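Here is a briefing on one structure. Please read it alongside the sequence and the coordinates.

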Amino acid sequence: MHFRAIQTILLVTSSLIACKVTALEEDLNAKPIFIAGSTSVSTLLIDLKSELSQEFGNSIQIRPMGSDKGIIAIADNVIDIGTSSRYLTKDEQQRWPFLRQIVLAQDAITFFVNKNLNIDELSTSTLSAIYQGKLTKWSDVSPHTPKLSSKNDEILLFSKGTTHGSFDVFLEYLQLDYIKEPDSNFIRLKNAGNRGLFSEQKVELYDQFNQALGIVQRIQNAIAYDSYGAITKLENDRRINKVSLLAIDGVSPSIETIQSGEYAFVRPLVLIVNTQSPRSKKIGDKLAVFIKSKKIQQKMLDIGYLPVK
């Protein structure tokens, strides 16, 4: 009787475990897979959407809303996978130690201006001076700039919004700090640290890559920046026929210079998993395998992103 009782217990336990595993598999397809966060990562994932849907046998919803918001959303378990174009900060890792980071690829931020300015290269120090309002006229930046009216010679500054990972990389590499104008879409910048005053020069914020392109296409005295991978996909597109991608310190952004480290403004594209959620963890495990496949790695390379081996 004792042996039969043990057998019965083992059978019941096995059945419960099997039911739990089956339920989890069913849960993955019970509703669409919801991925949200970085606009840069979203641009890449949209290009991989058909492969993702095929891999999971499910529809994939991708929402660009910025790295900061994506990190909070996955920590609060309101989405399945978060995305970020930067690593979690030390404070975020301490606050949410259950978040797992999976690096999808490397990307860069690239600065661009209107071709009418006849500028194709800037130094890091010049970029920093421009965004701090120390240089306010294009004619003072380059001797190759054609003669412009006083209005068109004024440098108009644009930046990715403060909740985006691209903005964090921008501040880090140019060693800048910012202050937000109350109830406005503007910031002002200065050198990082306590010394010095914030510039009087306002920097207007945007959220989407297409906004940045449109600004520089329309406004010949504007400067902006965004994802290298996103802009290279439009190489022969009329939307960038008036845009010049800038070399920085003599190095142009490319897959080769990103990989070699010659181009400095490089950042990771990260998938974030909530390991306290069985659903998020299961999706994350499958994604970690998916992004290492030769087919997906080659596709990322072909569209301007450096996959992580």
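This is a predicted model: local features need pLDDT of at least 70, side-chain atom pairs count only at pLDDT 80 or more; totals for chains, interfaces and linings use all residues.

Residues are numbered from 1 along each chain as its sequence is written, and side-chain values use heavy atoms, with hydrogens and water left out.

**Helix α10**

- Helix α10 spans residues 209–218, and seven of its 10 residues are buried, so the rest of the structure largely encloses it.
- Buried means under 20% relative accessible area, exposed over 50%, and partly exposed in between (1.4 Å probe, protein chains only).
- Helices (H or I, at least four residues) and strands (E, at least two) are DSSP runs, numbered from the N terminus.
- The buried residues are Phe209, Ala212, Leu213, Gly214, Ile215, Val216 and Gln217.
- Their cover includes strands β4 (99–114), β6 (156–160), β9 (203–206), β10 (222–227) and β11 (243–245), along with helix α11 (228–232).

**Crossing of α6 and α9**

- The axes of α6 (residues 124–131) and α9 (residues 165–174) come within 10 Å and cross at roughly 115°.
- Axes are lines fitted to C-alpha atoms, for helices over the stretch in contact, and angles run from 0 to 180 degrees between N-to-C directions.
- On the α6 side, Thr124, Leu127, Ser128 and Tyr131 make the contact; on the α9 side, Phe170, Tyr173 and Leu174 do.
- Contact means heavy atoms within 4.5 Å.
- By class, the contact has five nonpolar, two polar and no charged residues.
- Ala, Val, Leu, Ile, Met, Phe, Trp, Tyr, Cys and Pro count as nonpolar, Asp, Glu, Lys and Arg as charged, and the others, Gly among them, as polar.

**Salt bridges**

- The structure holds 11 salt bridges (a side-chain nitrogen of Lys or Arg within 4 Å of a carboxyl oxygen of Asp or Glu).
- Aspartate 80 and arginine 279 pair at 2.8 Å, N to O.
- Aspartate 80 sits in the loop between α4 (67–75) and β3 (81–84) and arginine 279 in α13 (residues 278–290), so the pair ties together parts 199 residues apart in sequence.
- Aspartate 80 is buried at 7% relative accessibility, and arginine 279 is buried at 10%.
- Aspartate 168 and arginine 86 also pair at 2.8 Å, N to O.
- Aspartate 168 belongs to α9 and arginine 86 to the loop between β3 and α5 (90–95), so this pair ties together parts 82 residues apart in sequence.
- Aspartate 168 is partly exposed at 27%, whereas arginine 86 is buried at 9%.
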